[in-house]
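Here are my comments for a colleague who is meeting this structure for the first time. Please read them with the sequence and the model side by side.

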Amino acid sequence: MEHSQRTTSNLAYSLISLCLLFSITTASVYADSIKTRSAEQILQLGPATGLNAGADKQKTPAPDLQLPSDIAIHKNRAYVVDGSNHRIVVYDLQGKFLFSFGSKGSKPGQFNYPVGIDAAKDNRVYVADSGNNRIQIFSDKGVYLSGFAVKNDGKRGRPIDVLRHSKSGNLIVSNSNHHLLTYSPKGKLLKKWGKNGTSRGEFRYPATLSELEDGRIAVVDVLNSRVQVFNTDGTLSTVVGEWGVLPGQLFRPKGIAIDNKGNFYISDSYMGVIQKYGDDAIFDAVLGKNGKPYTLVTPVGMTINKNRLYVVEMKNNRVLVYQLAK
């Protein structure tokens, strides 16, 4: 795991260590001119700026985010995991704060350093409540519905992300014990994938999950510096990226978003960049302009909605929204 400043809480460390809190200057390792893809920043969720000035005038001011880690979009709402505040903060797609739900604790509907989220077509919101070792399920209005403990070989494992598979309805969970776990919608463990290791199909801290249009599942394999893509039966389909600090390489990948053409956008929290790979898993470009990459501070969870790329910038406590070319 990468080194980060210790907190007084081991559970806080679980969140922070999986979402790196330092970065280095890309100019020191990237070439002076590299292939870039332009994407205009059009909005941000979080601290008030000119990019969401309309939202700033609302009667209920948006709460400050503290170490956000992931985001999901559903029905014109953006659900942001506000990890160190132990809640989910919800905005409309123009940046206006709508409501939040959750508080610190272990009771149903409370959180202890949540990390990952999925807002699914079944109108439910699934949250990886890492510090409480469980998955919690809410309505899209934030009403608690149910939950279940995450266990691996009889031992509790901290869930990092959760994905409701659109075709099967099952829940895929990444966890700190280096496995993927498949649960039924009611929380029955159906399958365990992978093990701790560096070979293909193995993991060292699997984290963010995303589903491709054809149902395959992409997994950010953090310490192996890659994204692994699996077929629905659990067999390996392809691998995106490799260890390194140059364009086309990954050092500490944390987030992934996949567009409707099968292109992969991967955030590197250490290098502070977003890289794009084609549907063939071959590197295409770094998000930037005129050969200069956009430099972010600890980019982590991401999602795409209607040609907009949402990037959680953890250490800056905000979400950046970019318009992608069609």
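1. Of the 326 residues in the protein chain, 59% are buried; please bear in mind throughout that this is a predicted model. The accessible surface of the chain comes to about 13,600 Å², and carbon and sulfur atoms account for 46% of that area.

2. The secondary structure of the protein chain consists of two helices and 28 strands. When contacts between residues at least 6 apart in sequence are considered, 48% of them join residues at least 24 apart.

3. Isoleucine 172 has threonine 182 of β15 standing opposite.

4. Serine 130 deserves a separate look, in the loop between β8 (124–129) and β9 (134–139). Is serine 130 buried or exposed? Its relative accessibility is 2%, and because buried means under 20%, serine 130 counts as buried. A polar atom of the serine 130 side chain lies 3.5 Å from the backbone oxygen of proline 159.

5. Turning to aromatic side chains, a search of the whole structure finds 12 aromatic pairs. In one of them, the rings of phenylalanine 203 and phenylalanine 230 have centres 5.8 Å apart and planes at 50 degrees, so the pair is tilted. This pair links distant parts of the chain, 27 residues apart, since phenylalanine 203 is in the loop between β16 and β17 (206–211) whereas phenylalanine 230 is in strand β19 (residues 226–230). Phenylalanine 203 and phenylalanine 230 are both buried.

6. A further tilted pair is formed by phenylalanine 251 and tyrosine 270, whose ring centres are 4.6 Å apart and whose planes are at 35 degrees.

7. Finally, the reader may wish to locate one aromatic cluster, which is formed by Phe99, Phe101, Phe111, Phe138 and Tyr144.

Terms used. Residues are numbered from 1 along each chain as its sequence is written. This is a predicted model: local features need pLDDT of at least 70, side-chain atom pairs count only at pLDDT 80 or more; totals for chains, interfaces and linings use all residues. Side-chain values use heavy atoms; hydrogens and water are left out. Helices (H or I, at least four residues) and strands (E, at least two) are DSSP runs, numbered from the N terminus. Buried means under 20% relative accessible area, exposed over 50%, partly exposed in between (1.4 Å probe, protein chains only). Contact means heavy atoms within 4.5 Å. Accessible areas come from the Shrake-Rupley method with a 1.4 Å probe; for residues, only the protein chains shown count as cover. A polar contact is a pair of N or O atoms within 3.5 Å; within protein, one must be able to donate a hydrogen and the other to accept it, and residues adjacent in sequence count only if both atoms are side-chain atoms. Two strands pair if DSSP finds at least two bridges between them. Rings of Phe, Tyr and Trp (its six-membered ring) pair if their centres lie within 6.5 Å; planes under 30 degrees apart count as stacked, over 60 as edge-to-face and the rest as tilted.
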